[in-house]
Amino acid sequence: MNNHSGRGRVAGLPEWDRCAVMGVVNVTPDSFSDGGRWFDTTHAVKHGLDLVAEGADLVDVGGESTRPGATRVDEAEELRRVLPVVRGLAAEGVVVSVDTMRASVAEQSLAAGAALVNDVSGGLADPAMLPVVAAAGAPFVVMHWRGLLAGGNVRGHYADVVTEVVDELRARVDAVLDAGVAPDRIVIDPGLGFSKDAADDLALLAHLDALRALGHPLLVAASRKRFLGHVLAGPDGVTPPARERDAATAAVSALAAQAGAWAVRVHEVRATADAVRVARAVEAAREQGPAAGTPSEGDR
């Protein structure tokens with residue numbers, strides 16, 4: 001753990017002095033928030049570079065939508081979408097994360113220059129994933145997951161969402177460790193929006209300390225998600241569309257950074273990059289304590 005609120009560092013990745021910002025590049029025609037906007041390689045690579053220019057520390061490239069009801073793309077199509085973008089961004093010196101549930105996509109993306117594997121299934125969707133990650137020595141994001149969301153919410157019922165998510169993540173981390181992934185290369189993610197309703201997501205955000213107590217760096221991926229739409233809904237109950245949730249996303253990013261998250265994953269980077277820097281500045285002021293010897297106006 002480093003000394004910045006103990007948010008931890010991930011072996012094999014740069015160490016940032018604050019909560020890192022992971023920008024999202026969806027190379028998909030059907031993502032819930034920006035599907036089709038960056039669907040060809042040239043635009044996707046340019047978008048990734050733009051995110052870095054706006055303050056992203058790393059870029060998460062995905063070729064398969066995980067929105068509720070999405071149908072899975074086949075392996076060849078996912079590879080066709082993802083690999084050229086990973087290769088193009090890595091060639092420009094970008095720290096690239098690959099967002100995939102397939103071992104083959106992870107393996108070939110790592111070979112193409114990706115530095116991190118972000119698997120929303122935590123290795124459950126493809127039994128070959130954990131051996132591939134372990135063999136490559138790659139950092140790995142373990143997300144809380146209860147199954148594919150085709151057909152809607154999967155087993156999203158909790159007596160105590162915080163306790164159950166923490167317990168299920170702990171069991172999953174143990175399985176990842178047993179597969180040979182090094183403990184200092186594991187990141188955990190509570191899986192906001194996956195088999196969870198708005199109240200569940202808010203409860204998890206309110207108790208990030210319980211997740212951090214698992215002892216691994218924490219990734220918070222709240223960007224534009226449905227629970228923010230519910231929070232922002234007007235008196236008529238109408239929720240704003242995904243792209244109108246970026247200010248709310250930046251607010252969550254500041255709260256997550258203050259709570260010690262290692263990174264936040266967002267679609268719109270600039271506001272969140274500002275938010276995490278402000279959170280770090282406040283944290284630094286807290287670490288320094290009250291300034292001595294300088295009278296305030298009230299002392300004069």
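Let's start in strand 6, where Ile186 is the bridge partner of Phe140. Strand 5 (140-143) and strand 6 (residues 186-189) run parallel and are joined by 4 bridges. Two strands are said to pair if DSSP finds at least two bridges between them; strands (E, at least two residues) and helices (H or I, at least four) are DSSP runs, numbered from the N terminus.

Before going on, please note that this is a predicted model, in which local features need pLDDT of at least 70, side-chain atom pairs count only at pLDDT 80 or more, and totals for chains, interfaces and linings use all residues. Residues are numbered from 1 along each chain as its sequence is written, and side-chain values use heavy atoms, with hydrogens and water left out.

**Strands and their faces**

In a regular strand the side chains alternate between the two faces of the sheet. Strand 6 shows Ile186 and Ile188 pointing one way, with Val187 and Asp189 pointing the other way, and all are buried (under 20% relative accessible area with a 1.4 Å probe, protein chains only; exposed is over 50%, and partly exposed is in between).

Strand 2 (residues 58-62) is mostly covered too, with 5 of its 5 residues buried. Here Leu58, Asp60 and Gly62 point one way, while Val59 and Val61 point the other way.

The structure holds 1 aromatic pair. Trp16 and Trp262 form this pair, which is tilted, at 6.3 Å centre to centre and 50° between the planes. Because Trp16 lies in the segment before strand 1 and Trp262 in the loop between helix 9 (246-258) and strand 8 (263-266), the pair ties together parts that are 246 residues apart in sequence. Rings of Phe, Tyr and Trp (its six-membered ring) pair if their centres lie within 6.5 Å; planes under 30 degrees apart count as stacked, over 60 as edge-to-face and the rest as tilted.

| Residue | Relative accessible area | Class |
|---|---|---|
| Trp16 | 15% | buried |
| Trp262 | 3% | buried |

**Helix 4**

In helix 4 (residues 129-136), Met129, Leu130, Val132 and Val133 are buried. They cover an arc of only 160° around the axis, so they sit on the same side of helix 4; the arc is that of the directions from the helix axis to the C-beta atoms. Just after helix 4, Gly137 takes a positive phi of about 65°.

Note on methods. Contact = heavy atoms within 4.5 Å.
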